[in-house]
Amino acid sequence: MITANAKTTRIAKRFAELRARGEMGIVAYITAGDPSLDATLRYVLALAEAGADVIELGVPFSDPVADGPTIQRASERALKSGATLAGVLDLVRRIRQTCEIPLVLFSYYNPILQMGLEKFAAAAAAAGADGVLVTDLTPEESADYRRILAARGLDTIFLAAPTSTDERLAKIAACSSGFLYLISRTGVTGAQEALPEDLPALVRRLRAVSPLPIAIGFGISLPGHVSILGGLADAAVVGSALVSEIAKAATPEAAAAALAARMRALKDAARRGLSRRENAS
Amino acid sequence: MSSLTQPAAAVPGRFGPYGGRYVPETLMAPLEELERAYEAAKADPVFRAEFESLLKNFAGRPTPLQHAGRLSAHLAGPKIYLKREDLLHTGAHKINNAIGQGLLAVRMGKPRIVAETGAGQHGVASATVAAKLGLQCTVYMGTEDMARQALNVARMRMLGAEVIGVESGSRTLKDAINEAMRDWVTNVRTTHYLLGSVLGAHPYPTMVRDFHSIIGREAKQQILAAEKRLPTHLYACVGGGSNAIGLFHEFLADRAIKLVGIEAGGRGTHLGEHAARLAAAQGYSGARPGVLQGTYTYVLQTADGQIAATHSVSAGLDYPAIGPEHAWLADEKRAEYSAVSDTQALAAAKLLARLEGIIPALESAHALAGLIERLPQFSKDDLVIVNISGRGDKDMDTYARLL
């Protein structure tokens with residue numbers, strides 16, 4: 001089994017740095033190709049500059065069953081603009097020409113399967129991706145996938161959920177490298193006002209089975225959420241809130257500026273911890 | 001016992017390479033819970049008795065196996081029998097599975113069900129069973145389908161179900177399933193997803209097949225009683241494939257019996273014009289194995305793995321993937337699959353109405369059209385059962401417009 005990469009990827013390095021500084025990380029999700037791959041390149045660089053620790057690049061898919069309306073519409077826009085998995089891999093290559101931020105590809109399984117696992121893993125590694133998360137792939141169906149990705153030094157990140165039993169959490173932890181992505185609540189992606197009350201207990205259950213860093217996502221949109229997660233999670237994943245900024249902005253320049261402002265506020269909260277009395281505007 | 005009745009027994013939920021469980025992690029524990037509950041229910045005589053009692057006294061089973069004398073004479077081919085699932089309560093075979101899963105939801109203590117529907121038959125069946133068993137019911141339906149199956153929308157609402165229109169994608173069955181899955185993943189602790197075909201993640205393809213296998217068991221007894229021999233051919237339409245697998249399952253082990261599934265050929269063979277997943281030999285393009293909505297099976301898709309738009313005049317067949325067991329039966333050459341066009345299906349519906357006094361659902365009309373297309377291949381001694389999976393009331397607007 002190949003586990004050496006767990007120590008050497010950009011992802012592991014970034015989480016080690018965060019731990020050393022006692023700081024929580026921010027994982028930023030945006031859908032690649034929304035509204036164009038050129039725009040996504042600009043957004044990634046802006047987010048990295050503003051302090052994002054990891055970028056998740058969403059590979060658009062026609063049937064995103066795990067996503068709420070915000071990311072569904074982003075996927076539709078990206079597909080309309082002609083984005084494909086091959087195009088997203090080329091975007092990774094272009095990002096890598098100037099930027100060393102850890103990059104995770106966030107995809108549904110079918111586009112990867114159609115490219116072929118070997119071809120995908122080789123291309124993703126060559127382009128400079130660090131890890132892959134497949135929304136609709138669970139440990140049980142993933143033996144080939146894990147073997148092939150690990151051979152290319154790619155981290156395999158799996159989702160853990162509030163409904164996961166302790167037995168499943170252990171299985172998920174054993175199949176994951178880089179970090180664990182913990183879904184904060186049952187449901188699809190999308191911004192929410194409040195975080196679920198049973199979250200600390202869920203994090204404790206996951207910590208009990210794995211030393212990997214834990215990133216918490218689904219429903220995280222505000223600096224206030226981030227400060228609540230301080231001391232609980234190693235990182236917060238912010239997705240739909242960023243995708244909304246892109247959808248709202250009149251131009252890619254305006255979107256990049258809005259993303260950077262959002263990211264700075266989130267990262268400040270992650271560094272310092274903010275009051276929970278923040279308003280949800 | 002033939003290995004065909006127990007495919008890949010070592011891996012539950014696999015049919016050869018097809019099937020499996022490809023879902024977000026949140027749904028894994030609920031699927032495991034459902035699998036355990038179903039296995040326990042299957043072995044429980046009380047559950048079975050309740051299921052059979054509702055099939056008989058509520059749904060109206062057994063359904064007749066009717067000799068289609070005038071149709072057989074007109075076609076001058078094989079002797080044709082019709083399995084009359086259209087006579088069931090709510091008007092289609094879908095009620096078999098809805099009763100089974102409804103009872104299972106009660107057994108699991110889930111007070112609410114969600115369902116998707118294409119033609120509306122599964123939605124009506126789910127709403128009906130929810131009313132009968134005292135469950136809350138939400139049905140997702142593409143707005144394109146709501147327009148062409150308006151009668152069924154009204155029926156669901158009268159039965160107390162909430163019908164939510166789905167505006168995303170092609171606004172048909174596939175998009176309704178996406179939305180039902182999103183509801184389920186959000187409300188999973190209180191809600192059972194009453195999936196309406198042999199699709200989705202394990203245990204659905206197996207469980208839904210089992211609930212419909214009564215169709216084939218009855219048909220076998222009935223044809224033996226009427227003809228003192230087994231049929232030579234079985235015909236059924238295939239969207240997801242639940243009525244087809246329900247009829248085929250009892251006959252799988254007997255390889256002499258030809259099993260034929262008829263898909264929707266729509267208005268052409270190009271990707272986007274049809275819903276034929278296993279008819280590449282006829283020139284229908286775009287189907288390859290892939291993962292959609294929880295299962296690995298043949299899927300109509302683009303070269304880079306985006307799910308393709310489909311077309312069929314029949315809302316119930318208008319879907320880009322096929323049940324994984326059908327994919328395996330096709331690979332194994334145990335069943336044959338081919339497609340007929342919208343036009344052929346409409347003509348078959350009219351013929352059945354005029355010769356036998358039965359207005360079939362557009363879906364079921366495809367099965368008959370498939371038989372008619374293959375007429376030259378039959379001999380006089382052949383004995384065919386065609387599954388009339390549903391009645392045509394819901395399609396009257398389409399028939400009135402196009403015939």
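1. The largest cavity holds about 320 Å³ of space. A cavity is a set of points, on a 1 Å grid over the protein atoms alone, where a 1.4 Å probe fits but cannot get out; the volume is the space filled by probe spheres set on the points, which are joined across faces, edges and corners. The lining comprises 30 residues, and His93(B), Lys94(B), Ala119(B), Gly316(B) and Glu363(B) are the closest to the centre. A lining residue has an atom within 4 Å of a point.

2. The model is predicted: local features need pLDDT of at least 70 and side-chain atom pairs count only at pLDDT 80 or more, while totals for chains, interfaces and linings use all residues. Residues are numbered from 1 along each chain as its sequence is written, chains are lettered from A in the order in which they are written, and side-chain values use heavy atoms, with hydrogens and water left out.

3. Among the elements of chain B that each supply at least two residues to the lining of the largest cavity are strand S5 (112–117) and helix H14 (362–373). Helices (H or I, at least four residues) and strands (E, at least two) are DSSP runs, numbered from the N terminus. By class, this lining has nine nonpolar, 17 polar and four charged residues. Here Ala, Val, Leu, Ile, Met, Phe, Trp, Tyr, Cys and Pro count as nonpolar, Asp, Glu, Lys and Arg as charged, and the others, Gly among them, as polar.

4. The second largest cavity has a volume of about 190 Å³. Of its 26 lining residues, Tyr29(A), Asp67(A), Ile71(A), Thr189(A) and Gly239(A) lie nearest the centre. This lining divides into 15 nonpolar, nine polar and two charged residues.

5. At the interface, 37 residues of chain B are in contact (heavy atoms within 4.5 Å) with 36 residues of chain A. The two chains bury about 2800 Å² between them, 50% of it on carbon and sulfur atoms. Buried area is the accessible area (1.4 Å probe) that two parts lose on being put together, summed over both. Glu25(B), Arg182(B) and Gln306(B) supply 25% of the area that chain B buries against chain A.

6. Four salt bridges are found across this interface; a salt bridge is a side-chain nitrogen of Lys or Arg within 4 Å of a carboxyl oxygen of Asp or Glu. Glu32(B) forms a salt bridge with Arg168(A), with the closest N and O atoms 2.9 Å apart. Over all chains, the whole structure has 48 salt bridges.

Terms used: 1 Å grid on protein atoms, 1.4 Å probe; cavity = no way out; pocket = protein on both sides within 12 Å on 5 of 7 lines; lining within 4 Å.
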